[in-house]
Amino acid sequence: MSVNPSSRKQQEGFTLVEVLVTMVIFVIGMLAVASLQMSAIGNNHGAYLRSQAMWLAYDMAERMRANPVAVDNNNYINGSASAIASCTQASGCSPAQMAQNDLHEWQNLLDNTLPNGEGVVCVDSTPEDGSGSGSPQCDGTGDYYAAKIWWYEKSGEETQRFTLSFRP
């Protein structure tokens, strides 16, 4: 039983083609896995930012609940955000000053936690509207306060918003 030399050459080349096809399929599969991984990382980061925005909104609600005099005087709505040094000392500060200090600290937290984070606190009967702190569309009516927070995701391409309606 002798083997024909011409059929032997055909068999040797066929194995190389199989290996090349296998490599192409393997590379396509690895690219798909890498794409899924990148998508999962992006979605995970977006979820992290949303949870931070939720935490920041609840933080402001708790600050307001701790200072009911300033809430009754609308110091959180019409007040300016400024650091008051006496609010961090044992001597203390007035409720209006505490509201200013709370707003200042909250704005700093927004800036440091969320990409291009900004937010407002207002009384609003339709809290799910508004397109940023420059246009929050707070109507000043209703029984609920709204903490509206905006930030950018995906390199500034998409504006995201989280709104918390609450009664202090």
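Predicted model: local features only at pLDDT ≥ 70, side-chain atom pairs only at ≥ 80, totals over all residues.

1. The protein has four helices and three strands, and along the sequence they follow the pattern α-α-α-α-β-β-β.

2. For the overall numbers, 28% of the 168 residues count as buried. The accessible surface of the protein is about 10,600 Å², and carbon and sulfur atoms account for 56% of that. If you look at contacts between residues at least 6 apart in sequence, 48% of them join residues at least 24 apart.

3. The three strands make an open sheet in the order E1-E2-E3, with antiparallel pairing. Strands E1 (118–123) and E3 (158–166) are the edges; each has a single partner strand, so one side of each lacks a neighbour in the sheet. On average, neighbouring strands here are turned by 20 degrees against each other, direction ignored.

4. The pairing of E1 with strand E2 (residues 145–153) is worth a look: it is antiparallel and runs over six bridges. Within it, Cys122 sits opposite Ala146 of E2. Helix H4 (residues 95–113) packs on the sheet, where it touches E1 and E2, and its direction makes about 140 degrees with that of E1.

5. Please also look at the surface around Phe26, Val27, Met30 and Leu31, which form a nonpolar patch with about 410 Å² of accessible area together. Is Leu31 buried or exposed? Leu31, which lies in helix H1 (residues 5–65), has 58% relative accessibility and therefore counts as exposed, the cut-off being over 50%.

Conventions
Residues numbered from 1 in each chain as written. Heavy atoms only, no water. Pairing = 2+ DSSP bridges. Helix = DSSP H or I, 4+ residues; strand = E, 2+ residues; numbered from the N terminus. Axes fitted to C-alpha atoms, helices over the stretch in contact; angles between N-to-C directions. Contact = heavy atoms within 4.5 Å. Patch = residues over 30% accessible without salt bridge, like charges linked within 9 Å, V, L, I, M, F, W, Y side chains within 5 Å. Areas by Shrake-Rupley, 256 points an atom, 1.4 Å probe, with all protein chains shown as cover. Salt bridge = Lys/Arg side-chain N within 4 Å of Asp/Glu carboxyl O. Buried < 20%, exposed > 50% of the residue type's maximum accessible area, 1.4 Å probe, protein only.
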